[in-house]
Amino acid sequence: GQNIDQPTEMTATEGAIVQINCTYQTSGFNGLFWYQQHAGEAPTFLSYNVLDGLEEKGRFSSFLSRSKGYSYLLLKELQMKDSASYLCAVRLVSGGYNKLIFGAGTRLAVHP
Amino acid sequence: SQTIHQWPATLVQPVGSPLSLECTVEGTSNPNLYWYRQAAGRGLQLLFYSVGIGQISSEVPQNLSASRPQDRQFILSSKKLLLSDSGFYLCAWRKREGLYGYTFGSGTRLTVV
């Protein structure tokens, strides 16, 4: 079966750096996504990795190691508005079709 | 630009009543379309996906069904709702070709009472 694991909750201080880890065991891997979801809202796209290495986009960076089935999302210079759930998702190719499977999400609380 | 519309935003339905949620995409053609459900405090569960008109793949056996009567329209239905159908329903789309991400609609919060 497909399995995606990430911590349930994390807390961090405003201005600090936080790393959210994600491990996955899947078949037909074709990329890993990170989404941000504020309470009661739809997820919004943050980053995408298909090759090993680090992708940087402003205050957010995402890393992927396909051989280890591991990714992390790094958030720098944390702001209060970064308090949200962060969803790790793996795109799978099955029967020629793409589908996105999500982990349960990590709820991040940023405090002053 | 492409947009995705989902309605209604909230819905309260009695147990045993029917359900119809609609999702439409504008500004693109031949999109892949998806229905997800998110239970309170949980991750997103893929329910259905569609790669074309009339083509529906179901991910989990359940009380729900999906249809795609037009290229950019995706409908989620139920004949008789259960309490366990409560949740946040999200429609998403992506371009069929290439390595594109998924864009989500604003969601429908369904409460079955």
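Predicted model: local features only at pLDDT ≥ 70, side-chain atom pairs only at ≥ 80, totals over all residues.
Local features need pLDDT of at least 70, side-chain atom pairs count only at pLDDT 80 or more, and totals for chains, interfaces and linings use all residues. Residues are numbered from 1 along each chain as its sequence is written, chains are lettered from A in the order in which they are written, and side-chain values use heavy atoms, without hydrogens and water.

**Exercise 1.** Describe the interface of chain B and chain A.

Step 1. Count residues in contact (heavy atoms within 4.5 Å): chain B gives 22 and chain A gives 19.

Step 2. Take the buried area, the accessible area (1.4 Å probe) lost on being put together, summed over both parts. The two chains bury about 1,600 Å², with 57% of it on carbon and sulfur atoms.

Step 3. Look for salt bridges (side-chain nitrogen of Lys or Arg within 4 Å of a carboxyl oxygen of Asp or Glu). The rule finds one across the interface. Glu59(B) pairs with Lys99(A), their closest N and O atoms being 3.1 Å apart.

**Exercise 2.** Find the largest nonpolar core and a residue's contacts.

Step 1. Join buried (under 20% relative accessible area, 1.4 Å probe, protein chains only) Ala, Val, Leu, Ile, Met, Phe, Trp, Tyr and Cys residues through side-chain atoms within 4.5 Å. The largest core has 40 residues; Leu75(A), Tyr86(A) and Tyr36(B) are among those with the most contacts inside it.

Step 2. List neighbours of Leu75(A), leaving out residues up to four places away in sequence: they include Ile17(A), Phe60(A), Tyr86(A) and Leu108(A).

Step 3. A second, separate core has 20 residues, including Ile4(B) and Trp93(B).

Definitions and conventions
Buried < 20%, exposed > 50% of the residue type's maximum accessible area, 1.4 Å probe, protein only.
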